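Here is a short briefing on one protein model. Read it alongside the sequence and the coordinates.

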Amino acid sequence: MKFNPEKCVVPDKRMQPFIDQNEIWNYINNTVSSKERVREVIAKSLSKLRLTLEETAVLINATDPELIEEIKQGARTLKERVYGNRIVLFAPLYIGNKCSNNCQYCGFRSTNTEAIRKTLNDEEIVKEVVALEENGQKRLILVYGEHKEYSPERIAHDVELVYSVKKDFGEIRRVNINAAPLDIQGFRTIGKSGIGTYQIFQETYNPEAYKQYHLGGKKADYDYRLTGLDRAQEAGIDDVGIGVLFGLYDWRFEVLSLVRHTNHLEACYNVGPHTISFPRIQDASSLNVDPKYMVSNSEFTRLVAILRLAVPYTGLILTARESAEIRNEVISFGVSQIDGGTKIELGGYDKFKNQEQDLNREQFKINDDRSLNEIIRDLLHTGYLPSFCTACYRQGRTGEHFMEFSVPGFIKRFCTPNAILTLAEYLMDYATDDVKIEGWKAIEKELAGLDNNANTEELKKRIELIKQGKHDLYF
Ligand code: SAM
Ligand code: SF4
């Protein structure tokens, strides 16, 4: 059975639902996964071609441990060959946990009477941003429950407020959003505030499981959520993120549906999602989830490797929901962004700096509570190059992940130099002494690996300028 986008059971039309569960299950149930076929598919991905649904199903159906290891190795090779060792860092900033929806997996849901409800006011947002800037953060994602208080105007206001906060050398240079789907006018309002990516996770692409877990409020409307990012595109927001909450339904169905969603956006808007997120369900206050579909560590690491190969030019985001151990393994398969120094308690960066996690104040429990400095230290130790780069978005180079992938020399010309410059800035302004030593060593090593051309000379000059106190230099 071969996949042909034109022959999808549900043809792609703007703002029309596109998931047909029989089609997805057909691919899973009828695709044969021989050793030869798995190797062919991995080779196709390594030749920088995106996989079809049928080819993704070949990888999903590979159960032989030897083949699974080959898939993981394929993902590692793709990452090394194409993207190198950069990892972009960001932090989530929870703005408000009021919510009129009733998602059975989330501590913010309307029926959870234990939850302590709060929305940060301007003064509190400024305090949080100052605390984040004092840690060295440059990229944030603002997170909201779904509530009439969190209107597009309010979100746009918050975005502008965050950009305006400058503490010492600190500033936030990219603000992404994770909030409810809006109508086209709402997306237009937010688009004007200068956001980076707008993320909406479908949670589960299976309509029945979706119904079971979304018991009220606007989010109960599966189709409205599924077409949310179409409306963002219609409103001119072409930088969007999709995701699944793994553990609600069969992971194989979800992985294939993420690829189907990517196909849909490409077919209708000529641009796929900028990022894919793959949170796994974590413990939360009043969690009410059937454990049947919980995803084990081995399934999780496998599915991330499959996703990397299936959509080689889409950014992959991994959050502190996962432990440091799992994060380390999965990062090697080609994750491009991780959060660091994460606190998901409302007001947590400023007020609750030294307190234990409190599930009644949080949406769910996080498993990696290392500080940003510690994460950077660990990344450097394992040979990664931490980056706070925001250059493409500010230079209007949209679709940067695609360019990294497809434009020869793009990484050497832009990504690595910008990662080096932003790391140098972090080392000068925020790092502890041991991280400074490791960081400068890593920068020397990176410089030695770059071609000796005019760009490298200019990069060296700019590093010297940063050492003299200059900020925000990029290519
Ligand atoms: N309220 C908006 C929404 O539902 O899209 C945006 C923010 S919601 C707080 C962000 C994401 O957190 C959800 O899309 C869901 O995937 C994830 N999430 C909710 N409960 C979780 C849990 N118990 N463990 C892990 N992730 C969870
Ligand atoms: Fe509300 Fe989002 Fe939590 Fe659902 S996942 S209860 S919409 S905050």
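**Briefing**

Asp472 sits in the segment that follows α19 (454-467). The model is predicted, so local features need pLDDT of at least 70 and side-chain atom pairs count only at pLDDT 80 or more, while totals for chains, interfaces and linings use all residues. Residues are numbered from 1 along each chain as its sequence is written, chains are lettered from A and ligands numbered from 1 in the order in which they are written, and side-chain values use heavy atoms, with hydrogens and water left out.

**Positive phi**

- Most residues other than glycine have a negative phi, and most peptide bonds are trans.
- Asp472 has a positive phi, near 55°, and is not glycine.
- Asp472 is partly exposed, at a relative accessible area of 22%. Buried means under 20% relative accessible area, exposed over 50%, and partly exposed in between (1.4 Å probe, protein chains only).
- Asn270 also has a positive phi, near 65°.
- Asn270 belongs to the loop between α11 and β6 (275-277). Its relative accessibility is 72%, so Asn270 counts as exposed.

**Helix α3**

- Helices (H or I, at least four residues) and strands (E, at least two) are DSSP runs, numbered from the N terminus.
- Helix α3 (residues 53-60) is mostly covered, with eight of its eight residues buried.
- Those residues are Leu53, Glu54, Glu55, Thr56, Ala57, Val58, Leu59 and Ile60.
- They pack against α1 (21-30), α2 (35-46), α4, α11 (251-269) and α12. Contact means heavy atoms within 4.5 Å.

**Packing of α4 on α12**

- Helix α4 (residues 65-83) packs with helix α12 (residues 297-310) at an angle of about 50°, and the axes are 9 Å apart. Axes are lines fitted to C-alpha atoms, for helices over the stretch in contact, and angles run from 0 to 180 degrees between N-to-C directions.
- That makes α4 oblique to α12. Under 35 degrees counts as roughly parallel, over 145 as roughly antiparallel, 65 to 115 as roughly perpendicular and the rest as oblique.
- From α4, the contact uses Ile68, Ile71, Lys72, Gly74, Ala75, Leu78 and Tyr83. From α12, it uses Thr301, Arg302, Ala305, Ile306, Arg308 and Leu309.
- By class, this contact of α4 with α12 has eight nonpolar, two polar and three charged residues. Ala, Val, Leu, Ile, Met, Phe, Trp, Tyr, Cys and Pro count as nonpolar, Asp, Glu, Lys and Arg as charged, and the others, Gly among them, as polar.

**Ligand 2**

- Ligand 2 is surrounded by Cys99, Asn101, Cys103, Tyr105, Cys106, Phe108, Arg109, Gly145 and Lys219 (a heavy atom within 4 Å).
- This shell divides into five nonpolar, two polar and two charged residues.
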